[in-house]
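Subject: Structure handover

Hello,

Here is the structure I said I would pass on. My notes on it follow below the entry.

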Amino acid sequence: MESFQGCLEKWEALIGRYERKSKKQLDEDVKLAGLEALVPDVLEQHLLMSGSRLDTFEKAREDVCLFVESKMGLKLKDGPATFHSK
């Protein structure tokens with residue numbers, strides 16, 4: 001799971017870098033596609049099936065983090081992609 005945390009942090013850093021340099025917001029579809037590429041297949045299917053409810057990166061990210069917290073015994077701390085063991 002350590003690698004997932006690192007990948008999520010890197011993805012968020014890349015989003016931030018793109019948005020700062022381009023002075024444009026990255027499309028939600030692109031952000032969501034990147035997030036879907038990071039997660040295991042079962043969670044990717046959940047995100048795809050919940051697309052109408054998880055229609056923004058922030059909502060999908062929160063859902064993924066709740067999954068990680070409940071299934072993997074990690075606790076999400078405030079802020080992007082910050083996890084702490086219980």
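Leu47 sits in helix H3 of what is a predicted model. Its relative accessibility is 4%, and buried means under 20%, so Leu47 counts as buried. Setting aside neighbours within four places in sequence, the contacts of Leu47 are Glu36, Val39, Leu54, Ala60, Asp63 and Val64. For one of these, Val64, the separation from Leu47 is 17 residues in sequence and 8.4 Å in space, C-alpha to C-alpha.

Helix H3 covers residues 41-49 and helix H4 residues 57-72. Their axes come within 11 Å and cross at roughly 140 degrees. The crossing of H3 past H4 is right-handed. On the H3 side the residues that meet H4 are Leu43, His46 and Leu47, and on the H4 side they are Ala60, Asp63, Val64 and Phe67. Sorted by class, this contact has five nonpolar residues, one polar and one charged.

H4 itself has 16 residues. From its first C-alpha to its last it reaches 21 Å, which is close to the 22 Å expected at 1.5 Å a residue. The buried residues in H4 are Phe57, Ala60, Arg61, Asp63, Val64, Cys65, Val68 and Glu69.

H4 also packs with H2. The axes of H2 and H4 come within 9 Å and cross at roughly 20 degrees. Angles under 35 degrees count as roughly parallel, so that is the description for H2 and H4. This crossing, H2 past H4, is right-handed. Glu28, Lys31, Leu32 and Leu35 in H2 meet Phe57, Ala60, Arg61 and Val64 in H4. By class, the contact has five nonpolar residues, no polar ones and three charged ones. Ala60 and Val64 are listed in the contact with H2 and also in the contact with H3.

One backbone item remains. Lys23 lies in the loop between helix H1 (2-22) and helix H2 (28-38). Lys23 has a positive phi of about 60 degrees, although it is not a glycine. The relative accessible area of Lys23 is 73%; exposed means over 50%, so Lys23 is exposed.

Regards

Terms used: Residues numbered from 1 in each chain as written. Predicted model: local features only at pLDDT ≥ 70, side-chain atom pairs only at ≥ 80, totals over all residues. Heavy atoms only, no water. Axes fitted to C-alpha atoms, helices over the stretch in contact; angles between N-to-C directions. Helix = DSSP H or I, 4+ residues; strand = E, 2+ residues; numbered from the N terminus. Left-handed = near helix turned anticlockwise from the far one by under 90°. Contact = heavy atoms within 4.5 Å. Nonpolar A, V, L, I, M, F, W, Y, C, P; charged D, E, K, R; others polar. Expected span 1.5 Å × (residues − 1). Buried < 20%, exposed > 50% of the residue type's maximum accessible area, 1.4 Å probe, protein only. Parallel < 35°, antiparallel > 145°, perpendicular 65-115°, else oblique.
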